[in-house]
Amino acid sequence: MTQSLFTGLYPPQALDYKTYSEGWVDTPHAEWGAGSFTVEKADKDSVTFVRNPKWWGNTAKLDKVVYKYMESTAQVNAFKNSEIDALTFSSNNILQTVKGRKDIQIRLGYSSQVNVLNFNGKAGFLKDQAVRKALVQAFDRDIFEKVHFQGLNWTPDDPGSEVFPVYQEGYENNLPAESKKVDVKGAKATLEKAGYKMGKDGYYEKDGKTLQIRYTYFGDAAMVTNMAKAISQMMKAAGIKIKLDNRDDAKFADTVAKGDFEILPMAWQSSSPYGQLNISQLYGSKSESNYTFVGSEEVDKLAKVPGTIEDQLEAVKAANKAEKAALKLFGTVPLDTPPSFYAVTKGLANWGPSGFQTVLPENVGWQK
């Protein structure tokens, strides 16, 4: 697309494979860059940027910016102790920690991320579309969001798309009717119509096997554990048994690559408003990024259309049509839209949640 024409431009010196891969390690090469700031010094602990005298645009508001390398916990403590002026975070624990500092402001807005559940259409009972549909019908988004965002004072609009955020022009709720509200009775009816019968243990069964599905989640944070338990309880009400499968964070990539899951919570991050270009990636039947392994010829055909349309809003319309068809296969469901939290020293201007808007570095400064 013309909007991406000038992305990925690199200086000739960086086109060598080894230089491209390793050339910036411990050596910033400010002479290869361009912008309102340039690197003054760098070491293993920090990088200091100063105004670039060769910059042809507006003079930067700040004369110096220092970035420090820190682990997450160290960042929180550094902000709390006024050693740094800005911090991004997403949990109530961090919010409560930093609120004790008096000279700060909390800035809150939508992020460009959407959390989703993926159902592995190649695994066990999830090969049956009726089971995937019942899972979606039994899912209570309100309960899930209360658990997920407890203490954050965040009540976002429910997402109806995995490629377009709710605040984007042209956004539509592309969920099928069965996904828009919790319907436990409807979930049971879906299963019974597909030949499942309620067992004495309160769970459905078919061909002598209990309808059990594995929910794989990562890490030991209380929040993710509570979310997993909440989903287990939701599905129990619909007669679907959930086996909780907790793994270390480090195993996420390997789990995804091997398709070693049945239900998998994950997130998609939108890097631009041109989400229509991601339709085939997420929903294409042959796409390596379609972690549901669910697709159809109809979806594949519709997904190719948006990229052929130059007009942005018309392309979004075509993408909405394709996503509606994809979500009717019940391979995935968008869960919620997490907040973008910033804690900053009071007076820091033009730094915080910005959606798809590009915040120019030269415009960041201190209020007078």
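Helices (H or I, at least four residues) and strands (E, at least two) are DSSP runs, numbered from the N terminus. The views show a predicted model, in which local features need pLDDT of at least 70 and side-chain atom pairs count only at pLDDT 80 or more, while totals for chains, interfaces and linings use all residues. Residues are numbered from 1 along each chain as its sequence is written, and side-chain values use heavy atoms, with hydrogens and water left out.

**View 1. Packing of helices α5 and α7.** Helix α5 (residues 141-148) packs against helix α7 (residues 222-237) at an angle of about 165 degrees, and their axes lie 9 Å apart. Axes are lines fitted to C-alpha atoms, for helices over the stretch in contact, and angles run from 0 to 180 degrees between N-to-C directions. The angle makes α5 roughly antiparallel to α7, a term for angles over 145 degrees. From α5, Ile143, Phe144, Val147 and His148 meet Met223, Asn226, Met227, Ala230, Ile231 and Met234 of α7; contact means heavy atoms within 4.5 Å. The residues of this contact comprise eight nonpolar, two polar and no charged. Here Ala, Val, Leu, Ile, Met, Phe, Trp, Tyr, Cys and Pro count as nonpolar, Asp, Glu, Lys and Arg as charged, and the others, Gly among them, as polar.

**View 2. Strand β6 and its pairing with β12 and β13.** Six of the seven residues of strand β6 (residues 113-119) are buried, so β6 is largely enclosed by the rest of the structure. Buried means under 20% relative accessible area (1.4 Å probe, protein chains only). Seven bridges link β6 to strand β12 (residues 263-269) in the antiparallel sense, with Val114 opposite Trp268 of β12. Two strands pair if DSSP finds at least two bridges between them. Strand β13 (residues 332-336) also pairs with β6 in the antiparallel sense, over four bridges, and Leu117 stands opposite Val333 in β13.

**View 3. The open sheet β4-β14-β5.** Three strands, in the order β4-β14-β5, form this sheet with antiparallel pairing. Strands β4 (86-89) and β5 (104-110) stand at the edges with a single partner strand each, so one side of each has no neighbour in the sheet. From one strand to the next, the twist averages 20 degrees.

**View 4. Strand β4, its partner β14 and helix α2.** Strand β4 is joined by four bridges to strand β14 (residues 339-345), and the two run antiparallel. Phe89 stands opposite Phe341 in β14. Helix α2 (residues 72-80) packs on the sheet, where α2 touches β4, β5 and β14; the direction of α2 makes about 135 degrees with that of β4.

Notes: Buried < 20%, exposed > 50% of the residue type's maximum accessible area, 1.4 Å probe, protein only. Parallel < 35°, antiparallel > 145°, perpendicular 65-115°, else oblique.
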